[in-house]
Amino acid sequence: MGVGVVDVHEAWKWYREHFSMDILMFDEEAVAELMLAHTDGKPRARHAILALNMEGGGGFEIWQHTEKKPEEIASEIVLGDLGINIGVLKTDDVEAAYKKYKASNLHLLGEISITPANVKHFFLKDPYNNIWEVKEHPSVFKKENAVNGGVFGTIIGVQNMEESLVVYRDILGFDDQVYDESGVFTDFAGIPGGHHEFRRVLLRHTDIKNGAFSSLFGKSEIELVQMIGGNPKGIYEGRIWGDPGFIHLCYDINDMDALREKAEKHGFPFTADSARAMDTFDMGDAAGNFAYIQAPEGTLIEFVETHKIPLIKKLGWYIDFRKRGNHPLPDWMLKLFRFKRVK
């Protein structure tokens, strides 16, 4: 998940301390030259840090504009506004996570509650005005001292449920509809705007992913929320990609060509496509191809096809995926990422 911030180093320090996002995959400054469709037609200098959590789940790409002043949203995001509303972290012990965050004086938004799927969860707000849902899920890649894992999913505000489902169900493959319910929900009570009436659709995927890091990232889910009778605003209206807030979702994939064809078939052509611009995109110590599509409500979704990563950089040990084939990395190799931990 991409998180735009004002100060990338300060934000990563906070996420290391409180969310255990302490495995450094890359830390680099560069110019985003291929995102012109989402940056007012101008290349944008930025500093990005990609960090993971060894308990599993997706990573944080913490992103800061370095030539222009990051423009924060003028008004508070309320549930149902269009785009990524909430990031979801997983935990195998929701009570322990809640207790730790409360002892750390984090900004908790209510007590532990139950979702319509009978899962324990709670919400909190970080110092950068991003809301996180901490949701119980039993899977752990490598048990450590953390009370939470990485990204498990997201809650997205949509304007038209059926139009947005084309992206999340038909292109991304979240084909298991866990529930589709409408009403006022008590578990949303502590969230800004949570008192409104909503239609909620929770999606999971039934297939086994085969991206390079699929064993570490594990299962994920997406919840779409549509405000009933309200007037939601676009979260990034008047701002650009990379400004503070949740800037994009990111998925680890194989076969960019097949995905390009699938997205175009469903009416969502790539808005950025590094494979069409160059053979491989250099991300500092790593390399690969990336592409973006934009969902109807405005959410940007990134796909990354990894070509090369450093496994143990000081030993000069890199993995070239184009030589080994499109297979997930074995667990023993992924567990070596612990040597990339930053205190």
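Select Arg 169 and Asp 170: their side chains meet in a salt bridge, with N and O 2.8 Å apart. A salt bridge here is a side-chain nitrogen of Lys or Arg within 4 Å of a carboxyl oxygen of Asp or Glu. The model is predicted, so local features need pLDDT of at least 70 and side-chain atom pairs count only at pLDDT 80 or more, while totals for chains, interfaces and linings use all residues. Residues are numbered from 1 along each chain as its sequence is written, and side-chain values use heavy atoms, with hydrogens and water left out.

Colour this pair by accessibility. Arg 169 is partly exposed at 35% relative accessibility, and Asp 170 is partly exposed at 25%. The classes are buried for under 20% relative accessible area, exposed for over 50%, and partly exposed in between (1.4 Å probe, protein chains only).

Next, select Arg 199. Arg 199 forms a salt bridge with Asp 180, and the closest N and O atoms are 2.7 Å apart. Arg 199 lies in strand E12 and Asp 180 in strand E11 (residues 176-183), so the pair ties together parts that are 19 residues apart in sequence. Helices (H or I, at least four residues) and strands (E, at least two) are DSSP runs, numbered from the N terminus. Asp 180 is partly exposed, with a relative accessible area of 34%, whereas Arg 199 counts as buried at 18%.

Glu 162 is partly exposed, at 45% relative accessible area.

Now turn to the nonpolar cores, each a set of buried Ala, Val, Leu, Ile, Met, Phe, Trp, Tyr and Cys residues joined through side-chain atoms within 4.5 Å. Select Tyr 15, Phe 19, Tyr 101, Trp 132 and Tyr 168, which have the most contacts inside the largest core, a set of 55 residues. Helix H1 (residues 8-19) contributes the most to this core, with six residues. Last, select Ile 86, Phe 123, Ile 155 and Val 225, which are included in a second, separate core of 14 residues.
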